[in-house]
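Open the model in a viewer and keep the selection tool at hand.

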Amino acid sequence: QTSPDKKSAKINLGLDKDKQTVIYASGAYGAKTDKKHVKELFFGNLDANVVIICGKNQNLYDYCNSLVSENNLKNVYVVGFTNNMFEYLRASDLFLGKSGSNSMLEAYYFGVPTFITACANPLETEIAKYYINKMGCGKMVLSPKKMIKEVKEYLANPVEREKYQKNLEIYCDLTGAERLADILYQTLKNKLNSQNCGEGENCER
């Protein structure tokens, strides 16, 4: 069960409700460049909640916690494996992470633009290109330096944020379950009609 709105989700997760929230996650086991990207986020002077979701990557989890404690970092939240990913997405204003059909679709479902920091294989690259070039809902920021530059610009530029939100509204159809039910119903209806029709009869479809 996710919170009804972004601010409620931030409060529920213990984040600063008045700050924008950046989520970084690259799957259960992470990507090779995670530490470089995380370091840029930690020391990039972002006026935002920075949430790093490490999944089952214990090495990254320990690394992040060490940086936080050694440098007394504020508004930085390190999370291990969580079953509450949807709540974090609900609280998020920008999602950063590895390309993949599940992670990107989940972010788009919650109306969150995605900046891609890694692609593990050619398929993930093509998936990222589709959502970036076709849908206009994100950017490719493989370089850690480019990532932090683009993140700062995004957070500071309401016109840029509005552009992504408009694209998300066009493509994010939240009625998928209802549409699927309609398709199944019509398919079954057609099947039953065809079985009940005698040869040569004009049956209603």
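**A tour of the rings**

Start by selecting K56 and F81: K56 lies over the face of F81, 5.4 Å from the ring centre. A charge counts as over a ring if NZ of Lys or CZ of Arg is within 6 Å of the ring centre and within 35 degrees of the ring normal. This is a predicted model, in which local features need pLDDT of at least 70 and side-chain atom pairs count only at pLDDT 80 or more, while totals for chains, interfaces and linings use all residues. Residues are numbered from 1 along each chain as its sequence is written, and side-chain values use heavy atoms, with hydrogens and water left out.

Next, select K163 and Y164. The charged end of K163 sits over the ring of Y164, at 5.0 Å from its centre.

Now turn to rings that pair with rings. The structure holds seven aromatic pairs (Phe, Tyr or Trp rings, the six-membered one for Trp, with centres within 6.5 Å; planes under 30 degrees apart are stacked, over 60 edge-to-face, the rest tilted). Select Y108 and Y131, a tilted pair with 5.1 Å between centres and 50° between planes. Y108 belongs to helix 5 (residues 101-109) and Y131 to helix 6 (residues 122-134), so the pair links distant parts of the chain, 23 residues apart. Helices are DSSP runs of H or I with at least four residues, numbered from the N terminus. Both Y108 and Y131 are buried (under 20% relative accessible area; exposed is over 50%, partly exposed in between, with a 1.4 Å probe and protein chains only).

Then select Y109 and F110, an edge-to-face pair at 5.3 Å centre to centre and 80° between the planes. Y109 is partly exposed, at 47% relative accessible area, whereas F110 is buried, at 13%.

Conventions:
Helices (H or I, at least four residues) and strands (E, at least two) are DSSP runs, numbered from the N terminus.
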